[in-house]
Amino acid sequence: MIKKRFYNPAQLFIFSFLALIVMGTMLLKLPIALNKPISWTDSLFTATSAVCVTGLVVVDTATHFTGWGQVFILLLIQAGGIGILSFAGLFAYFLKGGSSYENQLAIRDFSNTQRLGEVFTLLKRTIAITFGIEAVGAAVIFWTMDDFNGAGTAERIFIAVFHSVSSFCNAGFSTLSNGLMHQQVYYNYGFQLAVASIYIFGGLGFPIVINVLKYIKHLINRLFHKWTTKENYYRPWVMTINSKLNLITTSCITAFATLVLFISEYNHVFADHSGIGKWVVAFATATTPRTAGFNSIDFAQLHFSSILFIMLLMWIGASPNSTGGGIKTSTFALAILNAISLAKGKDRTEIFRREIAGISIQRAFATMFLSLIIIGMGVYAISFFERNRPLLEIAFECFSAYSTVGLSLGVTGDLAEGSKVILILLMFIGRVTMLSVLIAFIKKARYTHYRYAEEELTIY
């Protein structure tokens with residue numbers, strides 16, 4: 001039971017993930033989970049990467065872990081993707097026939113719902129949508145696996161389920177050596193498109209997916225009434241501002257990134273593919289940095305400019321309240337909108353005939369600032385342990401870890417123990433967000449209804 005006098009929601013969220021990581025670390029050290037022995041650091045790294053749905057690996061998941069070990073990783077990914085607090089709230093609700101007012105308040109703060117009555121409705125829908133999309137995704141992936149290196153039906157089902165869960169949770173883990181560069185998947189564009197579609201859904205965020213489903217239902221009802229009663233059945237603002245902004249931002253970034261990478265790598269990394277295959281691989285390469293982490297190409301072979309562009313995509317990340325990480329598409333969009341407003345000489349940010357709340361702008365810039373500070377500290381710390389390693393490789397690993405992406409230039413397993421610990425911390429902080437850490441441990445101001453005299457500072 002959630003005791004508010006002991007823990008605030010941010011503290012509970014953080015401690016829940018810590019407890020899950022500790023449990024996962026011990027599970028992955030069990031003899032039944034391992035084909036080859038691994039150190040406690042590597043076990044902790046793998047558990048953290050799974051719970052924080054990152055996908056960075058220091059050992060090959062396909063060869064180092066047994067079937068049981070891969071199942072443990074799958075469960076950690078699922079729990080981390082949905083959020084351990086969501087599970088705790090739902091179990092308390094179903095097992096006790098309801099939930100306390102304190103529990104609902106805590107989960108409301110975590111899930112970002114506006115009305116208390118929506119808390120468990122959202123959580124139940126989250127579970128239903130998660131398992132529904134993962135089931136459909138697993139079926140589609142299985143359908144694309146006609147001949148998979150002589151694998152039996154049971155093995156192909158497990159591969160399909162594992163990749164569906166890993167995709168929806170934006171984890172990037174794979175039971176195939178070399179991930180989507182595996183010989184049976186490299187030219188299997190149906191498999192790659194299925195995986196990409198699933199992690200895009202996961203990266204949109206549960207509130208947005210639910211809102212889109214509501215909007216589709218509204219459109220169907222509107223068409224039905226138009227055909228039957230000839231009435232214009234219309235409800236305003238079915239699609240929320242949050243959904244519109246994130247969907248437009250996601251679409252624009254995806255289209256722009258696909259085009260840029262297609263042109264940049266057409267005769268380079270994408271040279272092995274032809275026709276529609278180049279577009280599929282370009283699309284997968286453009287979308288996977290936004291926290292999915294599946295490698296359908298060797299990212300170390302990309303042009304220097306493409307690697308820098310990938311790092312920007314990793315930093316932006318997925319949409320809020322999703323299984324993805326990064327600063328989030330809404331944060332990136334608000335920063336651009338605020339800059340445009342300032343250029344126009346306006347003292348407020350507006351979009352879709354609505355004014356964006358000042359607190360949203362403050363959170364956006366605090367998130368961006370804190371992310372760059374933490375990533376910078378990570379780059380500095382790893383540079384201390386890896387004195388002879390190129391800065392680009394270190395920076396790429398740090399951006400990937402903090403944004404819970406899981407992409408690598410192929411150096412993760414070769415890092416020193418100290419560097420791995422730094423990446424563990426970056427993955428954890430990136431998952432729970434640095435702003436949540438500050439909220440959890442900095443005492444809130446008791447009196448906020450007063451204002452001092454306003455003073456402008458020189459900025460530029």
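## Salt bridges

The side chains of E350 and K346 form a salt bridge, with N and O 2.8 Å apart; the term denotes a side-chain nitrogen of Lys or Arg within 4 Å of a carboxyl oxygen of Asp or Glu. The model is predicted, so local features need pLDDT of at least 70 and side-chain atom pairs count only at pLDDT 80 or more, while totals for chains, interfaces and linings use all residues. Residues are numbered from 1 along each chain as its sequence is written, and side-chain values use heavy atoms, with hydrogens and water left out.

E350 is partly exposed, because its relative accessible area is 34%, and K346 is likewise partly exposed, at 29%. In these terms, buried means under 20% relative accessible area, exposed means over 50%, and partly exposed lies in between (1.4 Å probe, protein chains only). A second salt bridge links R389 and E386, whose closest N and O atoms are 3.3 Å apart. R389 is partly exposed at 22% relative accessible area, whereas E386 counts as buried at 10%. Salt bridges that share partners also join K346, D347, R348 and E350 into one network.

The whole structure holds seven salt bridges. One of them joins the side chains of K420 and D42, with a distance of 2.9 Å from N to O. Because K420 lies in helix α17 (residues 417-432) and D42 in helix α2 (residues 40-51), the pair ties together parts that are 378 residues apart in sequence. Helices (H or I, at least four residues) and strands (E, at least two) are DSSP runs, numbered from the N terminus. Both K420 and D42 are buried.

## Cysteines

A disulfide is a covalent bond between the sulfur atoms of two cysteines. The search for disulfides, defined as pairs of cysteine sulfur atoms within 2.5 Å, finds zero in the whole structure. C52 counts as buried because its relative accessibility is 0%, and C398 is buried at 0% as well.

## Largest cavity

The structure contains three cavities of 30 Å³ or more. On a 1 Å grid over the protein atoms alone, a cavity is a set of points where a 1.4 Å probe fits but cannot get out, and lining residues have an atom within 4 Å of a point. Grid points are joined across faces, edges and corners, and a volume is the space filled by probe spheres set on the points.

The largest cavity has a volume of about 80 Å³. Its lining consists of N170, Y199, I200, G203, L204, T250, T287, R290 and A318. Helix α9 (residues 189-204) supplies the largest share of this lining, four residues.

## Nonpolar surface patch

L259, I263, I276 and W279 make a nonpolar surface patch of about 440 Å². Such a patch is made of residues with over 30% relative accessible area and no salt bridge, nonpolar side chains (Val, Leu, Ile, Met, Phe, Trp, Tyr) being joined within 5 Å and like charges within 9 Å. Helices α11 (241-264) and α12 (276-287) each supply at least two residues of the patch. I276 is found in helix α12 and counts as exposed, because its relative accessibility is 63%.

## Positive phi angles

Most residues other than glycine have a negative phi. T404 is not a glycine, yet has a positive phi of about 50°. T404 sits in the loop between α16 (391-402) and α17, and it is buried at 1% relative accessibility. T433, also not a glycine, has a positive phi of about 75°. T433 is placed in the loop between α17 and α18 (434-441) and is partly exposed, with a relative accessible area of 28%.

Methods
Accessible areas come from the Shrake-Rupley method with a 1.4 Å probe; for residues, only the protein chains shown count as cover. On a 1 Å grid over the protein atoms alone, a cavity is a set of points where a 1.4 Å probe fits but cannot get out, and a pocket is an open set with protein on both sides within 12 Å along at least five of seven lines; lining residues have an atom within 4 Å of a point.
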